[in-house]
Amino acid sequence: MTSLMNPEVPILQDGALVLFSGGQDSTTSLAWTLERCDRVETIGFDYGQRHLVELDCRPTVLEAMTALNSDWRARLGEDHMVDLRSLGQVSNTSLTQDVAFQMGEAGLPNTFVPGRNLIFLAFAAAVAYRRGLKHIVTGVCETDYSGYPDCRDDTIKAMQVALNLGMERRFVLHTPLMWIDKARTWELAQHLGGDAFTELVRTQTHSCYLGDRSVLHDWGYGCGSCPACELRRDGYARWQALA
Ligand code: ZN
């Protein structure tokens, strides 16, 4: 399972910090990083989410991942939780306020928290600066997503330039899921950690905007009808059809 000796897999030297929410995408991105880097730390943000289920899943997922693979356990270091509740206070979205989902202006759902990924990346870079970590990994994707402009490749590339200029560092931002759809994200999980890891992703991670963990579907827990559940469910179905 280890790929560090595989010449086809580039080794990330000087450490990595993974933006880790406890969801499917960031969990898969964390496994991707653990296969490539021998010093990995994680960072999560409490931005006043209405449902804290995802944050509650974080320690469980981290523990399950280290139990699954001894290489991953040896490489995984500190987890940093950052309090960003002021972000929830200044934004009026259905993720942080008690309002129903709907499509807003410019075709964006009201789950969009303006600037969220820019702020996350700035805080991640500040932690990476302090911890001496060169690589910053985020599970954002512009192939199969809700249209959030701060998930786009150009946004991340611009952010890398801004952070390196503003902090006088040479951070490298990685987005392993940027160009793959949700079916291939499941496939990547399978490739990285086999059946045991995809089962971990299916049963331990959380994506549902409503925080629903009452029913375990074949694609995992969730309400089945919010935008995050729809992406996860449809991707799982397409992956199963391919397998
Ligand atoms: Zn849902």
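Contact here means heavy atoms within 4.5 Å, axes are lines fitted to C-alpha atoms (for helices over the stretch in contact), with angles running from 0 to 180 degrees between N-to-C directions, and helices (H or I, at least four residues) and strands (E, at least two) are DSSP runs numbered from the N terminus. The structure is a predicted model, in which local features need pLDDT of at least 70 and side-chain atom pairs count only at pLDDT 80 or more, whereas totals for chains, interfaces and linings use all residues. Residues are numbered from 1 along each chain as its sequence is written, and side-chain values use heavy atoms, with hydrogens and water left out.

**View 1. Helix H1 against the sheet.** H1 lies across S1, S2, S3, strand S4 (135-137) and S5, and H1 runs at about 165° to S1.

**View 2. The open sheet of 5 strands.** The strands follow the order S3-S2-S1-S4-S5 with parallel pairing, where two strands pair if DSSP finds at least two bridges between them. Strand S3 (76-83) and S5 stand at the edges, each with a single partner strand, so one side of each is left without a neighbour in the sheet. On average, and with direction ignored, neighbouring strands of this sheet are turned by 25° against each other.

**View 3. The pairing of S1 with S2.** S1 and strand S2 (residues 40-46) pair in the parallel sense over 4 bridges, and the bridge partner of Ala16 in S2 is Val40.

**View 4. The crossing of helices H1 and H7.** The axes of H1 (residues 24-34) and H7 (residues 182-204) come within 10 Å and cross at roughly 70°, which makes H1 roughly perpendicular to H7 (angles under 35 degrees count as roughly parallel, over 145 as roughly antiparallel, 65 to 115 as roughly perpendicular and the rest as oblique). Residues of H1 including Thr28, Ala31 and Trp32 meet residues of H7, among them Trp186, Leu192 and Phe197. The residues of this contact divide into 9 nonpolar, 4 polar and 2 charged, with Ala, Val, Leu, Ile, Met, Phe, Trp, Tyr, Cys and Pro counted as nonpolar, Asp, Glu, Lys and Arg as charged, and the others, Gly among them, as polar.

View 5. Asp14, in the segment before strand S1 (16-19), has a phi near 70°, a positive value in a residue other than glycine. Asp14 is exposed, with a relative accessible area of 54% (buried means under 20%, exposed over 50%, partly exposed in between, with a 1.4 Å probe and protein chains only). Glu168, in the loop between helix H6 (153-167) and strand S5 (172-174), has a positive phi of about 50° although it is not a glycine, and Glu168 is exposed, with a relative accessible area of 67%.
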